[in-house]
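These are my notes from going through one model. I begin with a term, then work from a single side chain out to the whole chain.

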Amino acid sequence: MKTIAFIGGGRITKIILQAFANKNLKFERIFVYDPVEETLGKLKNCFTDIEISHESLYPAFTPDVLFLAVHPPVMAETLQKIKPSLKPETILISLAPKVTIAKMTEILGGFSTIARVNPSATSYINDGINPVAFGPGMNEKARKQTLELLGNLGQVPVVSEDKIEAYALISAMGSTYFWFQIQELKRLALKFGMEETEANQTISEMLKGSAATLFNSGLTPAEVMDLVPVKPLAEYEEPIKSYYDSKLSAIYEKIKP
């Protein structure tokens, strides 16, 4: 793939461009549209080779891949605007929840070379989980090209479209449920006398081992949690679990098609 374009120059676009840069991927042209000039300016400072515009929604060239990095409420309007310029040979990749491939195809008057992807923030270091769902109009060649491109972000499981919103809650937003806790553990580790590199490595390995023990040990969850006798935060576990259920269930209901 020689040319790519993004409609929307926010966080997700920055994450994807950084992942490509980490892999030293070279494209003949990279175009990014965003209505906010300041957003484009910040992106241009990070990625000097990109072409930017806050006026022209669609690039002057025909992109091999067009990423739709817009929020669901403006997706229909965006699709209507690009419909006259969209070429059959372009692969359209939506990064948004809620709006289905069938709905996009309907708005675009039958255009069906469409995939939906739910990127995760950890793709910034090429270690993301980025589930992809393909529309029925995606032929095998287009699917292979899409997977090859997205593989630079990390893992790319192919999933049914009805799971995309679940992945949004678990893999795309999941890091936010833990990052602040991990940072607090590091702060305490330094307070207790660890060096920074020591704390970073210890916490990283602890988290990796914790997940592996829970999922791969053959023990039940209760048996795993009984391996450590002292649980300093035990009294807060039930309220935290209730927060997970109420908050995440509410968001899921809001973003599902």
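I count a polar contact as a pair of N or O atoms within 3.5 Å; within protein, one must be able to donate a hydrogen and the other to accept it, and residues adjacent in sequence count only if both atoms are side-chain atoms. The model is predicted, so I take local features only at pLDDT of at least 70 and side-chain atom pairs only at pLDDT 80 or more, while totals for chains, interfaces and linings use all residues. Residues are numbered from 1 along each chain as its sequence is written, and side-chain values use heavy atoms, with hydrogens and water left out.

Entry: threonine 146. I looked up which backbone oxygen its side chain reaches, and found that of alanine 142, at 2.8 Å. Threonine 146 sits in helix α5, residues 140-150 (helices are DSSP runs of H or I with at least four residues, strands are runs of E with at least two, numbered from the N terminus). Its relative accessible area is 1%, so threonine 146 is buried (buried is under 20% relative accessible area, exposed over 50%, partly exposed in between, with a 1.4 Å probe and protein chains only). Leaving aside residues up to four places away in sequence, threonine 146 touches Met1, Ile91, Ile93, Phe134 and Met138 (contact means heavy atoms within 4.5 Å).

Entry: isoleucine 7. I found isoleucine 7 in strand β1, residues 3-7. At 2% relative accessibility, isoleucine 7 is buried too. Its contacts, not counting residues up to four places away in sequence, include Tyr33, Leu57, Phe67, Val70 and Ile82. I also checked isoleucine 7 against glutamine 181: the two are 174 residues apart in sequence and 34 Å apart in space, C-alpha to C-alpha.

Entry: aromatic rings. How many aromatic pairs does the structure hold? I noted 4 (rings of Phe, Tyr and Trp, the last by its six-membered ring, pair if their centres lie within 6.5 Å; planes under 30 degrees apart are stacked, over 60 edge-to-face, the rest tilted). One of them joins phenylalanine 20 and phenylalanine 27, tilted, with 5.5 Å centre to centre and 50 degrees between the planes. Both phenylalanine 20 and phenylalanine 27 are buried. For tyrosine 177 and phenylalanine 178 the ring centres are 6.4 Å apart and the planes at 65 degrees, so that pair is edge-to-face. Tyrosine 177 is buried at 16% relative accessible area, whereas phenylalanine 178 is partly exposed at 45%. Tyr177, Phe178 and Tyr244 belong to one aromatic cluster.

Entry: positive phi. I looked at two residues other than glycine. Asparagine 24 has phi near 55 degrees; it lies in the loop between α1 (11-22) and β2 (29-33) and is exposed at 58%. Lysine 98 has phi near 75 degrees; it lies in the loop between β5 (91-94) and α4 (101-107) and is partly exposed at 36%.

Entry: whole chain. I read 10 helices and 9 strands in the protein chain. The C-alpha trace spans about 65 × 35 × 30 Å along its principal axes. Of the 257 residues, 38% count as buried. Of the contacts with a separation of 6 or more, 63% come from residues 24 or more positions apart.
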